[in-house]
Amino acid sequence: MTRQHPDITIPDLHDQLAVVTGASDGMGLGISARLAAAGARVVLPVRNPRKGEAAVTKIREQTPDADLTLQSLDLSSLDSVAAFGQAMVQHGDPINILINNAGVMTPPDRQTTADGFELQFGTNHLGHFALTAHLLPLLRAGRARVTSQVSIAANQHSINWDDLNWERSYHGQGAYSQSKIALGLFGLELDRRSREAGWGITSNLSHPGVAPTNLLAARPEVGRTRQTPLRRVITTLSARGILFGTVETAQLPALMAATSPEAAGGTFYGPTGFRHLGGPPGRQSLYSRLRSPEEAARVWSVSERLTRTSITPS
């Protein structure tokens with residue numbers, strides 16, 4: 001019997017420009033393919049040009065007339081983020097959809113970005129914070145919806161305010177959770193500030209549940225030479241339709257949050273199955289760690305200082 005996967009209807013996006021980070025593989029590739037199939041012009045900012053070209057080829061196998069643009073972006077380098085933002089602003093096209101999807105997960109040993117930040121905090125959160133800051137004029141012009149992809153890990157651990165860069169004692173899962181909590185708090189604060197100041201930007205959150213994506217696969221670039229035992233378990237159960245989602249279903253909450261006419265700012269979308277690990281996408285309650293406006297304002301202030309950027313319209 002063929003397994004039936006949940007799905008959603010994507011509205012017509014022919015007049016929309018979308019930017020999706022982490023678009024060269026996994027969920028980001030699937031999200032980009034669905035946006036392109038709905039008619040959006042999609043910018044794929046990628047670190048690896050070879051993987052980017054392969055992603056373009058794969059999307060055009062499904063949608064031959066897909067309007068795709070490859071750009072260079074390394075979220076672990078603030079100089080690269082600034083260069084990408086400058087190139088986009090110089091081109092001048094308003095952005096209608098920004099999906100902050102890219103991420104790195106649990107390197108076995110502490111690593112740092114080009115700017116000296118712990119790799120997960122620097123890439124998953126600070127890189128996306130700086131990216132949003134640099135793209136702000138285009139996001140305002142496009143009255144954009146910004147969707148930031150967090151994780152069920154944002155419901156675990158906390159922000160390590162006394163040692164944000166995990167220099168004294170590294171804990172891979174704790175650092176990953178911190179990066180996703182910070183990104184989630186930022187996404188919610190962006191929506192609050194936009195509403196208060198009339199920026200015209202709508203910002204919300206999504207999470208993919210648990211699925212056999214590349215986050216826990218062998219990633220030599222982060223010091224992981226083989227897939228984790230957890231990923232093997234997830235892959236086995238996912239293939240049997242037990243508990244977890246698939247790569248295809250994992251992308252649906254972000255697509256719903258970014259494109260649904262009913263999706264609102266300041267809200268959170270994820271799988272609606274058991275413990276939100278898999279199943280059809282839908283709105284869910286905010287995790288406790290994402291509910292404090294004071295904590296969100298603190299994340300915002302620290303992120304501006306660390307990235308030397310300001311998310312304030314000129």
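Predicted model: local features only at pLDDT ≥ 70, side-chain atom pairs only at ≥ 80, totals over all residues.
The crossing of the two helices is right-handed.

On α4, the contact is made by Q120, F121, N124, H125, H128, F129 and T132. The α5 side contributes G172, A175, Y176, Q178, S179, K180, A182, L183, F186 and L190.

Next, select strand β4, residues 97-100. Which residues point which way here? I97 and I99 point one way, L98 and N100 point the other way, and all of them are buried.

Keep L98 selected and look at the strands paired with β4. Strand β1 (residues 17-20) pairs with β4 in the parallel sense over three bridges, and the partner of L98 in that pairing is V19. Strand β5 (residues 145-149) also pairs with β4 in the parallel sense, over four bridges. There, L98 stands opposite V146. To get from β4 to β5, the chain crosses through α4 (residues 119-141), and this β-α-β crossover is right-handed.

Move on to β5. Is the strand enclosed or open to the outside? Five of its five residues are buried, so β5 is largely enclosed by the rest of the structure. R145, T147 and Q149 point one way from the strand, and V146 and S148 the other way.

From β5, select strand β6 (residues 202-206). Five bridges join β5 and β6, which run parallel.

For the last stop, go to S24, in the loop between β1 and α1 (26-37). Is S24 buried or exposed? Its relative accessibility is 18%. The limit for buried is under 20%, so S24 counts as buried. To see what surrounds this serine, select L29, V46, K51, G52 and A55. S24 is in contact with these residues, leaving aside its neighbours within four places in sequence.

Notes. Residues numbered from 1 in each chain as written. Heavy atoms only, no water. Buried < 20%, exposed > 50% of the residue type's maximum accessible area, 1.4 Å probe, protein only. Pairing = 2+ DSSP bridges. Right-handed = clockwise from strand over helix to strand, strands pointing away. Contact = heavy atoms within 4.5 Å. Left-handed = near helix turned anticlockwise from the far one by under 90°.
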